[in-house]
Structure formats: C-alpha cells, structure tokens
Amino acid sequence: MENISDVTKGFVDLRRHMWMAGIEVNLRRLIWQIAVTGKYISAKIHESNRKLAGFENIYGEEQLALDRSSDIILESQMRHSGFVREYASEERDSIIQIGKGDEQYFVTADPLDGSSLVDANLAIGTILGIHNTSIPEVGGKSLVAAMYITYGPLITMVYSAGKGTHEFVLNREGEYVLSGENIVLKERGSIYSLGGLRRDWLPEHLEYIEYLESEGYKLRYSGGFVPDINQILIKKGGVFTYPALKDNKRGKLRLIFELQPVAFIMEGAGGMATDGKEDILSIKPESLDQRSPIYIGSRFEIEKASEFLSKSGT
Ligand code: F6P
Ligand code: MN
C-alpha cells in the first residue's frame, strides 16, 4: 500500500487523508465530526470536574460528571451530523434513535474510557464503533470503521475504515495531523498489559502469563484500556489481556463498546484479538452490555494465548 504521506511529501490532515484514501464521503464526514467531538470532550476534561454524577451506569459503576457530559457531547454531535440513525453508549441503558430513519450509520461509544484515572491525571480515552447495521444487531461484522481518541500529554486519534490503521495528532491550530500512516504491528512484541487480579485468574491464563514472563516481557499496565492498547499499537507489538476470572467467566471489558472497535483497529494494523477461543470480531453479541475476556495485540502473543487457553477444554 502506498503511503499518502509519501505522495504528498508534507502536512496531511485528517480530512485530506481520508479523501485521498478513498473513504466514502459520508463516512469520512462522520469520522471527522467524531474527531472534532474529541476536542470538546478534552475541553471538559480540562475543566477538571472530577465529581461523581450521583448516578450509576448499566454495569452498576458510579458515573463521574465527566462520563455523562462526554456522552451528552457525543450524542448531540451525532444528532447533528445527519449521518447517524442510532446511538448507543456504555453510559446509557437504551439505544437512542437520533436520525430521521434514512441515515446510513449506527454509532456505539465508550465516551470516556478509564474515567477512574481522571483524578490521578493519567491518560484516558474515547472509543467509537461505526456500523452499517441497526444497533441491536451489531457485532464485529457490521463495523465499517472504528476510532479511539487518547487524551494524554497530547491528544491523538487512531482510526481504521478498513484501509489500514492511522494515527493523527491534534496540533495547536486544532487540526488532526497525520503522525502514523499504515501502522503495522511486528509479528511479536515485548510488552504485556494484564487486567484482573492474579488470585482470580484461571490456571490456563496464569500459565500463559508465566510463559510470557519467562520470555522476558515487560509489564505495561496503566488501568486505562485506550492508553494501554495505544501503547501496544504505537510500539508495534505486545499483548493486552483482561481475562476470564474465577467468579466471572466473561471478564470485564465490553464487547460492543470497547473490544470489537479496538479489535477492528488492531486487525487493521495486522494484529489479532481473541477471547481465547474465538476471534473477537466473529463473536455475535447476544446483548448490548455483553462482556468478554480479551487477548489482543501482535500475532505471536495472541496465537500463543489461544494455544494455552485451548488446554482448558471448557
Ligand atoms: O472501561 C473499563 C476499564 O476502565 C478499562 O479502561 C481498563 O482496562 C479496565 O477497566 C481496568 O480495570 P481494573 O481496574 O480491573 O484493572
Ligand atoms: Mn471503558
């Protein structure tokens, strides 16, 4: 694949990149609109409102005021985009009909991933899935594009619309400038990111982790899915896991809102994602709030995970 940055030999912003990559016009407008939303969410983060909202989300987790405002910003941006028929997010218990009924796209979101890290000033993110199918029916197969935004020392946005995975940095002029085009993971990396408590891990998962440790993998876990995944993508290899736990076989992370969009992005970079048995993008979710164990990253580590997990026989 020829890099657009090689052809233009210079500054490439998000809109130009998507246009040159031949992405469908409404899809690129929508991706642009979502990227702009990242600026508004980051402005909210800068207001530094770390207070609890006094509500819980559908998973029984306490919402920060920031979780709710990020969700409201996204919903209203999607409502005004003109391309979105339905919107669903981790912070709501129902699907919102926002279009007239003839719009092409259906958007799912984790508006503020890792929000419990806000008070510690660690990086957090926003995850989006853009589907071509009505939300109750969505899954990995209905994704046409996925994106995540990382709010760290810099704001970066990574997207894939099925034509490679690309990173952009938000500059001081408010433009998203291409910083990593056609990112490709190496066959094997050297970092691992481990969710869940060791005492709650199942024996086959523990064996897998001990194998990685014997191979000299370095621990890199911030507690924020977006920055942890982003580290693996930008360092071009490694593995993130949040496994099945002894008393919770479905793990913690959410298939529709978190795992499938991020798996789409990783696969666009030549990576892989599995629940230990099945490819994450092949899983047909049975409910909007379905959770799943996850092993995601470069090929070697994910194939190894499947090898160790298939020993369990469950
Ligand atoms: O969205 C859930 C989340 O906050 C992820 O960002 C992160 O990977 C995970 O939970 C952290 O969970 P734990 O606190 O159990 O390590
Ligand atoms: Mn999250």
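**View 1. Ligand 1 and its surroundings.** A polar side-chain atom of Asp113 sits 2.8 Å from an oxygen atom of ligand 1. In this predicted model, local features need pLDDT of at least 70, side-chain atom pairs count only at pLDDT 80 or more, and totals for chains, interfaces and linings use all residues. Residues are numbered from 1 along each chain as its sequence is written, chains are lettered from A and ligands numbered from 1 in the order in which they are written, and side-chain values use heavy atoms, with hydrogens and water left out. Tyr221 also brings a polar side-chain atom to an oxygen atom of ligand 1, at 2.5 Å, while Phe225 places a polar backbone atom 2.8 Å from a ligand oxygen. Among the residues surrounding the ligand are Gly223, Gly224, Phe240, Tyr242, Lys252 and Glu258; a residue is counted here if one of its heavy atoms lies within 4 Å of the ligand.

View 2. An automatic or database domain assignment gives domain 1 (4-180) and domain 2 (191-310). Their C-alpha centres lie 22 Å apart. Across the boundary, 42 residues of domain 1 are in contact with 30 residues of domain 2, contact meaning heavy atoms within 4.5 Å. The two domains bury about 2,600 Å² between them, 65% of it on carbon and sulfur atoms; this is the accessible area (1.4 Å probe) that the two parts lose on being put together, summed over both. On the domain 1 side, Tyr59, Ile127 and Tyr148 lose the most area to domain 2, together 22% of what that side buries.

View 3. Look here for Glu90 and Arg254, which form a salt bridge with their closest N and O atoms 3.6 Å apart. A salt bridge is a side-chain nitrogen of Lys or Arg within 4 Å of a carboxyl oxygen of Asp or Glu, and the count between the domains is 1.

**View 4. A salt bridge between Asp71 and Arg92.** The side chains of these two residues meet at 2.7 Å, N to O.

Methods: A polar contact is a pair of N or O atoms within 3.5 Å; within protein, one must be able to donate a hydrogen and the other to accept it, and residues adjacent in sequence count only if both atoms are side-chain atoms.
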